[in-house]
Amino acid sequence: WATVTRPGPRGRVTGDDGTFSIEVPDNRKPYLFFIADGKGHVFAVHDNVYRSTNYGPLVIERGCVLSGLLLDTDGKPLPDAEIVLDFHLGEYTYSSYIEGGRTRTDAKGEFAFTDLSPAEYRCRVASPGYAARSGTCIVSEEPSYVEIRTEPPATISGRIMAGQGKPVAGIKVTAGEDRSALSDAEGNYNIGGLMAGNVRLSVSGKGYVARVGARLYVKCRQGAEATRNIAVVPTGTLIVEVEPEAPGVTLPERLGIVLASTRTASRPSASAYFEADLRNCVAVFNNVPSGRYTLRLAWEHLARGVTKVMLLGAAEEVHQTFRLPRLFTIRGKVVDSSGKPVSHASVSVTKMNDGEASAGRNAHPAHEARTWERANSDTNGEFKVRDLTSGRYDITAILLGFTSTSRLVEIDGDLSLDPF
């Protein structure tokens, strides 16, 4: 399985009848699934899977052959080189390609993949010291053939450094899809066998991540060496637990915890989501760069919530607890001057800060009242706003052609309003 945004779970065929079942971890996202055997051969892809789906019998086409020849820069065959066959999943997945099989060239530089499904593939050389990749190969019932010619490989080298230029050992640096190296005791790394072009570097290692803003794209040239030093920062662990503020708290349909650096507040660093069950609401964020963060517990599509600001130090494990407050519902009705229901009116609910003297447009800007929720009245003029915390709210109904009307209310429980 693979989701649109990240890898998902894998399932196995169960029983002699070939049936299978996979639990989708998040039914609010579209999925695709692919079928592969134990050798890594991929046979079929089905996309846009939502919620529970029964496909019935799936017939797998197989038996196609892709063969080829690997040549060096002088046109001579390259023996005993490892060739990887990648299966094309699609343009809008976590990864456009997934490995579909491996083989090695023989003494004549030839290789072959058999028992393939008709699909789109590409071949690449995985052996160190070679830089080569084929273009797209369309495999069908007719035997397919591809010739791959290597090019002078490019190299990227550099140092991994923490604060004040301190070298960091044991950090894995990956270039592109399949080339990697570990930094040594002096923080040095060297990755060869790269193709020319823009190559993206990624770093991983216990206790460190790349510093925000680090330049991780390198332009490589054939047969040349590029240098790129990478600054890393130490990380910590954040454990967040959600518990009810008091017995009998009504749960929203979905909870979310969003972690964002105060330096890049508009771009969340990490997030976790829970269904409406507070028994297991514990989120663990590993490898979080040390620094200052906002931590937000949110509900109802992340539109409302509670925010904390916290500091996370290097190699530190921080525990944070959110207490979910009581949530209430406002119901009301919008009518015209004759008492008839008004449909499609826009009703905004704005929470006022403590000490707010007035509501709506007369509120002083310093109080920073903000719209908490909006709703539209239905054909009976009725509206409902859920999951509100206790406090003082301004409720305003607006519809083109009518004079807007506002009301200031105090909420400490579910509330039914008189008609507007």
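Q: How many bridges hold β12 and β15 together, and is the pairing parallel or antiparallel?
A: β12 and strand β15 (residues 197-204) pair in the antiparallel sense over four bridges. Two strands pair if DSSP finds at least two bridges between them. As for the names, strands (E, at least two residues) and helices (H or I, at least four) are DSSP runs, numbered from the N terminus.

Q: Before we go on, what kind of model is this?
A: This is a predicted model, where local features need pLDDT of at least 70 and side-chain atom pairs count only at pLDDT 80 or more, while totals for chains, interfaces and linings use all residues. Residues are numbered from 1 along each chain as its sequence is written, and side-chain values use heavy atoms, leaving out hydrogens and water.

Q: Thanks! Which residue in β15 is the bridge partner of Val-173?
A: That's Val-203.

Q: And what does β15 do with β17?
A: β15 also pairs with strand β17 (residues 217-220), in the antiparallel sense and over four bridges. There, Asn-198 has Lys-219 in β17 as its bridge partner.

Q: What actually joins strands like these?
A: Strands of a sheet pair through backbone hydrogen bonds, either parallel or antiparallel.

Q: Zooming out, how many helices and strands are in the protein chain?
A: Zero helices and 32 strands.

Q: What's the order of the strands in the open sheet of four?
A: The order is β6-β5-β8-β9, with antiparallel pairing. β6 (97-104) and β9 (137-139) stand at the edges, each with a single partner strand, so one side of each has no neighbour in the sheet. From one strand to the next, the twist averages 35 degrees; the axes behind such angles are lines fitted to C-alpha atoms (for helices, over the stretch in contact), and angles run from 0 to 180 degrees between N-to-C directions.

Q: How many bridges join β8 to β9?
A: Three, with the two strands running antiparallel. Ala-119 stands opposite Val-139 in β9.

Q: New topic: how many aromatic pairs are there?
A: Two. Rings of Phe, Tyr and Trp (its six-membered ring) pair if their centres lie within 6.5 Å; planes under 30 degrees apart count as stacked, over 60 as edge-to-face and the rest as tilted. Phe-87 and Tyr-121 form an edge-to-face pair, 5.4 Å centre to centre with 85 degrees between the planes. Phe-87 lies in strand β5 (residues 82-88) and Tyr-121 in strand β8 (residues 119-125), so this pair ties together parts that are 34 residues apart in sequence.

Q: Is Phe-87 buried or exposed?
A: Phe-87 counts as buried because its relative accessibility is 3%. Buried means under 20% relative accessible area, exposed over 50%, and partly exposed in between (1.4 Å probe, protein chains only). Tyr-121 is buried too, at 1%.

Q: Which residues form the other edge-to-face pair?
A: Phe-111 and Phe-113, at 6.1 Å centre to centre and 70 degrees between the planes. Both Phe-111 and Phe-113 are buried.

Q: How many residues does the largest nonpolar core have?
A: It has 23 residues, and Leu-116 and Cys-123 have the most contacts inside it. A nonpolar core is a set of buried Ala, Val, Leu, Ile, Met, Phe, Trp, Tyr and Cys residues joined through side-chain atoms within 4.5 Å.

Q: Which elements give two or more residues to this core?
A: They are β4 (64-71), β5, β7 (110-116), β8, β9 and β10 (144-149). β8 gives the most, with four residues. There's also a second, separate core of 21 residues, including Val-203 and Cys-220.

Q: Last one: where is Ser-377?
A: Ser-377 sits in the loop between β28 (370-376) and β29 (382-388), and at 3% relative accessibility it counts as buried. A polar atom of the Ser-377 side chain lies 2.8 Å from the backbone nitrogen of Ala-345.

Q: Which residues is Ser-377 in contact with, leaving aside its neighbours within four places in sequence?
A: Among them are Val-334, His-344, Ala-345 and Phe-383. Contact means heavy atoms within 4.5 Å.

Notes: A polar contact is a pair of N or O atoms within 3.5 Å; within protein, one must be able to donate a hydrogen and the other to accept it, and residues adjacent in sequence count only if both atoms are side-chain atoms.
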